[in-house]
Amino acid sequence: MTYKTKAEPKTTADNIPVFCAYDKIVNIEKIKPNPANPNKHPEEQIEALAQNIKTIGWRYPITVSNQSGMIVKGHGRLMAAKFLGVKEIPVDYQNYSSDEEEMADLLFDNKIQELSETDRKILLNCFENFDTGNIPFELSGYSEEDYRDLASAFDEFQPKEKTKDPEEIPEVQQKESKFKCCDFEKCCPCYGQKGCSRA
């Protein structure tokens, strides 16, 4: 993928643009993952995240606790940075009042994303607006196949407009009207409808 953002960054970290808020650009070797982090990151996820960071830059820092010196948020981003072979990363240092508070924030960050729900119709609209050819579709985190599957699912379940059988159309009652002209088409309130004697 040859795409690169043209947006103006705050700085760069090992030639990768940094757009997020951060406290320091830190040598990657100084960052310690938390061994108690329960989230596991499959290779496919890390490669996609690495591609995202490489092409549109750092949009989120890696959050490190001042208390333990370990990562609270961003274990996957650290792995993506290592996959890219970069030496520097943006780090946000945060204070916690206890080990329990730090762990609660780590677990919450992992869990909260699982609780979201996707509105598939809005997602399809996003796809249609995003898929202009200006940037690679994979940067959305979805594949072209995801897009096609979602679009075909909506096509399949789109309610078809039922055409009424002429026999089902009720006859209209002939309405009495005093016409001032002989142009029934313009003056007759039921002209052209089934059952109109003037049609």
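User: In this predicted model, what is M70 in contact with, leaving aside its neighbours within four places in sequence?

Analyst: M70, which lies in the loop between β4 (62–65) and β5, is in contact with K32, P33, N34, P35, T63, V64 and S65 once those neighbours are set aside. With K32, the C-alpha atoms are 4.9 Å apart in space, although M70 and K32 are 38 residues apart in sequence.

User: Why are helices α1 and α2 called roughly perpendicular?

Analyst: Helix α1 (residues 43–56) and helix α2 (residues 75–84) pack at an angle of about 75°, with their axes 8 Å apart. Angles of 65 to 115 degrees count as roughly perpendicular, and α1 and α2 are therefore described in that way.

User: Which residues make the contact of α1 with α2, and how do they divide by class?

Analyst: From α1 come I46, E47, L49, A50, I53 and K54, while α2 brings G76, R77, M79, A80, F83 and L84. By class, eight of these residues are nonpolar, one is polar and three are charged.

User: What makes K73 and D105 a salt bridge?

Analyst: The closest N and O atoms of K73 and D105 are 3.5 Å apart, and the rule asks for a side-chain nitrogen of Lys or Arg within 4 Å of a carboxyl oxygen of Asp or Glu, so the pair qualifies. This pair links distant parts of the chain, with K73 in strand β5 (residues 71–73) and D105 in helix α3, 32 residues apart. By this rule the count comes to two salt bridges.

User: Which residues make the nonpolar surface patch?

Analyst: The patch, of about 300 Å², is made by F108, I112 and L115, and F108 is found in helix α3 (residues 99–112).

How values were computed: Residues are numbered from 1 along each chain as its sequence is written. This is a predicted model: local features need pLDDT of at least 70, side-chain atom pairs count only at pLDDT 80 or more; totals for chains, interfaces and linings use all residues. Side-chain values use heavy atoms; hydrogens and water are left out. Axes are lines fitted to C-alpha atoms, for helices over the stretch in contact, and angles run from 0 to 180 degrees between N-to-C directions. Helices (H or I, at least four residues) and strands (E, at least two) are DSSP runs, numbered from the N terminus. Angles under 35 degrees count as roughly parallel, over 145 as roughly antiparallel, 65 to 115 as roughly perpendicular and the rest as oblique. Contact means heavy atoms within 4.5 Å. Ala, Val, Leu, Ile, Met, Phe, Trp, Tyr, Cys and Pro count as nonpolar, Asp, Glu, Lys and Arg as charged, and the others, Gly among them, as polar. Patches are made of residues with over 30% relative accessible area and no salt bridge: like charges are joined within 9 Å, nonpolar side chains (Val, Leu, Ile, Met, Phe, Trp, Tyr) within 5 Å. Accessible areas come from the Shrake-Rupley method with a 1.4 Å probe; for residues, only the protein chains shown count as cover.
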